[in-house]
Amino acid sequence: MIAATSYPRAATQAAFELGGIGTGNVSIGTRGELRDWELANRPGMGNSLPYSFFAIRVARQGAAPIAKVLEGRFAPPYPGGGGFMPLGVAGLPRFEDSQLSARYPFVTVDLFDGQVGLPVQLEAFTPFIPHDAKRSGLPMAVIRFHVDNPTGQDIEVSVAGSLGSPIGVVGADQFGTPIYVGQPTNSAIESEHLTGVGFGSDLPPTHREYGTAVLASTAHEGVTYTPQWRAGYWPDGAEIFWVDFKDDGRLEAEHPRSNMAESRLAAHDLGATGLRPGVRVGSVAATRTIKAGGRATFEFILAWHFPNRLRGWEGHVIRDDPYSGQTVLNYYAVHFADALAVAEYATAGLGELERESRAFSEALHSSNLPPAVIESLIAGIATLRSTTCFRIADGTFLGWEGSLERAGSCEGTCTHVWNYAQTVAFLFPELEVSARSVEFLVETDSEGSMAFRTNQVF
């Protein structure tokens, strides 16, 4: 078995993307941080989602509890001229060090800290099953934290996940605070398989920015949640959350009101414009007692659902775009009504989804191919699951030549790139058939002239 590719905390440009084919992504960096949020049908490298992190609380008998963000400490260089903004909770304690290792499609981040004194490992993946594009196209990720207790006493451990609402975010102010179109709404989730928080909006379902998201624990026992932090323009809610979590590892269903936070929010609400600052954050925590010499796994599901994609190639080819303002459904939106439906589907079948994904991983990494070749193959797969590629409602597979930080680069599933790409043809033949069918049956005219960019089906 070829050793996993590893990166130290200092490798700040390395990240591992999570998300299915045509679904958008969120990535995990070498510190274990969630970064590069690209969920809403457009590239967004560098996008941050404020207050979106996991934390741990460790309580030993006879000792004060320890609470830390489940990330390695920030590593230089530190970009920007304004220092760390409060929305990244940089002032909260973190683990001393970290190391990311990848064995595609699985990623692990080992977290080290002498004060915590317990081995902690983050593990995450999105199902990836060759020849099954539907199950490899789920807009979700499994995020786990494995915590070992090598001591001779039982230890109570809590792990909490927090998520700033990604629904309707259309920009940010000078402090990085998201500006929303529509009014975000958070709600509690207690379903058959999940306990946590759902994120939505009062936007109409046809709006381009409409969507839903879920952050939930797959456990029920010992799980608590705060669907909505105290909302304010300043980070009062973050402090209230941290005090609540550190106190006993359990979250109150409703944070106490903060008159200052409420007045600040009111003062900055833009009201009639429909654009509202302030972050809508929800959290879910799971608490377990880990026996001496034992291990506990804290498992969370992050799912998202942004059904409406802009129709056409956003003006890249046709200056007077006939599709301007129109949207088309994503393929996954035809099969799942919202993010909760995605999360429930994935959780109910998680054993099989993970087993088949691991079978592919083991086959790839146990081959006799040189490590450099395997790394090259993985790069192609990663592109397939990036914002470069997408599927529309009828299942048609489409792709840009590549992706820039904020936009697709060179439209049309162009023949001079996609005709010599091999990843799709070998791993997902149905997607290759889709691309070639458009090329020969739609983009080739009666005289045999073939357009080298697809424009008629999208």
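1. A word on terms to begin: axes are lines fitted to C-alpha atoms, for helices over the stretch in contact, and angles run from 0 to 180 degrees between N-to-C directions. Helices (H or I, at least four residues) and strands (E, at least two) are DSSP runs, numbered from the N terminus. Please keep in mind that this is a predicted model, in which local features need pLDDT of at least 70, side-chain atom pairs count only at pLDDT 80 or more, and totals for chains, interfaces and linings use all residues. Residues are numbered from 1 along each chain as its sequence is written, and side-chain values use heavy atoms, with hydrogens and water left out.

2. Two packed helices are described by the angle between their axes and the distance between the axes. Here the axes of helix α5 (residues 350–365) and helix α6 (residues 371–384) cross at roughly 145 degrees and come within 10 Å. On the α5 side the contact (heavy atoms within 4.5 Å) is made by F360, L364 and H365, and on the α6 side by I374, L377, I378 and I381. Six residues of this contact are nonpolar, one is polar and none is charged; in this count Ala, Val, Leu, Ile, Met, Phe, Trp, Tyr, Cys and Pro are nonpolar, Asp, Glu, Lys and Arg are charged, and the others, Gly among them, are polar.

3. Helix α5 also holds E362. This residue is partly exposed, with a relative accessible area of 43% (buried means under 20%, exposed over 50%, partly exposed in between, with a 1.4 Å probe and protein chains only). From C-alpha to C-alpha, E362 is 9.1 Å from Y104, although 258 residues separate them in sequence.

4. Y104 leads us to the aromatic residues. The structure holds 19 aromatic pairs, where rings of Phe, Tyr and Trp (its six-membered ring) pair if their centres lie within 6.5 Å, and planes under 30 degrees apart count as stacked, over 60 as edge-to-face and the rest as tilted. One of these is the edge-to-face pair of Y104 and F128, 6.0 Å centre to centre with 80 degrees between the planes. Y104 lies in the loop between β8 (97–103) and β9 (106–112) and F128 in the loop between β10 (120–125) and β11 (140–148), so their pair ties together parts 24 residues apart in sequence. Y104 is buried at 3% relative accessible area, and F128 is buried at 0%.

5. F128 has another ring partner to look up. The centres of F128 and F428 are 5.4 Å apart and their planes stand at 85 degrees, so this pair is edge-to-face. It links distant parts of the chain, with F428 in the loop between α8 (423–427) and α9 (429–442), 300 residues away from F128. Both F128 and F428 are buried.

6. Y51, F53, W229, F241, W242 and F245 form one aromatic cluster. R309 lies over the face of F390, 4.2 Å from the ring centre, and the charged end of R391 sits over the ring of Y331, 3.9 Å from its centre. For such a placement, NZ of Lys or CZ of Arg must be within 6 Å of the ring centre and within 35 degrees of the ring normal.

7. Now to strand β3 (residues 25–29). Five of its five residues are buried, so β3 is largely enclosed by the rest of the structure. In a regular strand the side chains alternate between the two faces of the sheet. In β3, N25, S27 and G29 point one way and V26 and I28 the other. Two strands pair if DSSP finds at least two bridges between them. β3 runs antiparallel to β2 (residues 15–18), with four bridges, and I28 is the bridge partner of F16. β3 is also antiparallel to β4 (residues 34–38), over three bridges, and there I28 has L34 as its partner. In the hairpin of β3 and β4, with four residues between them, G32 in the turn has a positive phi of about 90 degrees.

8. Finally, an open sheet of nine strands has the order β1-β8-β9-β10-β11-β21-β17-β16-β15, with antiparallel pairing. β1 (5–8) and β15 (184–190) stand at the edges with a single partner strand each, so one side of each lacks a neighbour in the sheet. The twist averages 15 degrees from one strand to the next. Seven bridges join β15 to β16 (residues 195–201) in the antiparallel sense, and A188 stands opposite V197 in β16.
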